[in-house]
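Please read it with the structure open.

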Amino acid sequence: MSESKRTIREARKSDAAPVLAYLSRIAGETDFLTYGSVDELQLTVEKEEALFERYAKKDNAVFLVAEYDGTIVGTLNFEGGKRKRTAHVGEFGISVRKDYWGKGIGRALLSHLIHWSKKTGIIRKINLMARSDNIRAIKLYESFGFVQDGLITRDLLIDGVFYSTVHMGLLID
C-alpha cells in the first residue's frame with residue numbers, strides 16, 4: 001500500500017486549467033466562499049495563466065496550490081499592496097476541496113504562506129476575512145496567531161440571508 005503524497009508549491013502556467021476545474025468543483029461545496037458559481041468569476045484559462053505569471057513576477061504576491069497525489073485539492077492566493085506605503089501588507093484567500101477537509105491541507109497552505117512572507121523581507125502583515133460563522137477556519141487562523149481586527153456586518157448576502165465577516169490579521173516580524 002503506497003502512502004499519499006501532499007505537495008504545496010507555487011502555481012505555474014500549466015496549472016491554469018486544473019485550477020479552473022478545481023474552482024468549479026468547490027463553488028458548489030460550501031457557502032463560505034465569496035462566490036456561488038465559478039461563472040461569477042468570469043475566468044478563462046488565459047486569464048488564469050496571466051494571473052499566475054503576474055504573481056510570479058511580484059515580490060509581494062504568491063499563488064499556492066496544494067496537491068494530493070498529483071490532484072489539486074487546495075489553493076491560496078496572497079497579494080500585497082501595489083504602492084510603496086502598502087506593499088508590506090496584503091490579504092489572502094484560501095480554499096480546500098470538501099473531501100480533503102481535516103487532512104491538514106489548509107494548515108499546510110497557511111504555514112507555507114507565513115514562511116514565504118518572512119522570507120520576502122517585505123511582508124509585515126497578513127490579512128484575511130472569513131464568514132463569522134466559519135468556526136473551523138477561524139480556529140485555524142487563531143492557531144497561527146491571527147487576531148480579530150474587526151467585524152463587518154451584512155457583508156455577504158447568500159440566498160436572502162445576510163452574513164457578517166470577521167477581519168483578522170497576523171503581524172510578521
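1. The largest share of the lining of the largest pocket comes from β4, which gives six residues. Helices (H or I, at least four residues) and strands (E, at least two) are DSSP runs, numbered from the N terminus. The pocket holds about 1300 Å³ of space. Of the 44 residues that line the largest pocket, Leu33, Gly93, Ile94, Ser95 and Tyr141 are the closest to its centre. Two or more lining residues come from each of α1 (16-27), α2, β3, β4, α3, β5 and α4 (135-143). By class, the lining of this pocket divides into 25 nonpolar, 11 polar and eight charged residues. Here Ala, Val, Leu, Ile, Met, Phe, Trp, Tyr, Cys and Pro count as nonpolar, Asp, Glu, Lys and Arg as charged, and the others, Gly among them, as polar.

2. On the source: this is a predicted model, in which local features need pLDDT of at least 70 and side-chain atom pairs count only at pLDDT 80 or more, while totals for chains, interfaces and linings use all residues. Residues are numbered from 1 along each chain as its sequence is written, and side-chain values use heavy atoms, with hydrogens and water left out.

3. The protein chain has four helices and seven strands, in the order β-α-α-β-β-β-α-β-α-β-β from the N terminus on. The radius of gyration of the protein chain (taken over C-alpha atoms) is 16 Å, close to the 16 Å that the globule rule gives for 173 residues, so the chain is as compact as a globular protein of that length. The globule rule is 2.2 Å times the number of residues to the power 0.38. Along the principal axes, the C-alpha atoms fill a box of roughly 45 × 40 × 35 Å.

4. The seven strands form an open sheet of mixed pairing, ordered β1-β2-β3-β4-β5-β7-β6; two strands pair if DSSP finds at least two bridges between them. At the edges are β1 (6-10) and β6 (147-158), each of which pairs on one side only. From one strand to the next the twist averages 25°. Axes are lines fitted to C-alpha atoms, for helices over the stretch in contact, and angles run from 0 to 180 degrees between N-to-C directions.

5. Individual pairings can be checked as follows. β3 and β4 run antiparallel and are joined by seven bridges, with Glu79 opposite Glu91 in β4. β4 and β5 pair in the parallel sense over three bridges, and the bridge partner of Val89 in β5 is Lys125. β6 and β7 (residues 161-171) are antiparallel over eight bridges; Ile152 has Thr165 in β7 as its bridge partner.

6. Helix α3 (residues 105-120) lies across β1, β2 (61-68), β3 (71-80), β4 (89-96), β5 (125-131) and β7. Its direction is about 150° to β2. Contact means heavy atoms within 4.5 Å.

7. How many cavities of 30 Å³ or more does a search of the whole structure find? The search finds one, and the volume of the largest cavity is about 40 Å³. Its lining consists of Glu10, Ala11, Phe52, Tyr55, Ala56, Ala61, Val62 and Phe63, with α2 (45-57) and β2 each giving two or more residues. Seven lining residues are nonpolar, none is polar and one is charged.

8. Terms for both voids: on a 1 Å grid over the protein atoms alone, a cavity is a set of points where a 1.4 Å probe fits but cannot get out, and a pocket is an open set with protein on both sides within 12 Å along at least five of seven lines; lining residues have an atom within 4 Å of a point. Grid points are joined across faces, edges and corners, and a volume is the space filled by probe spheres set on the points.
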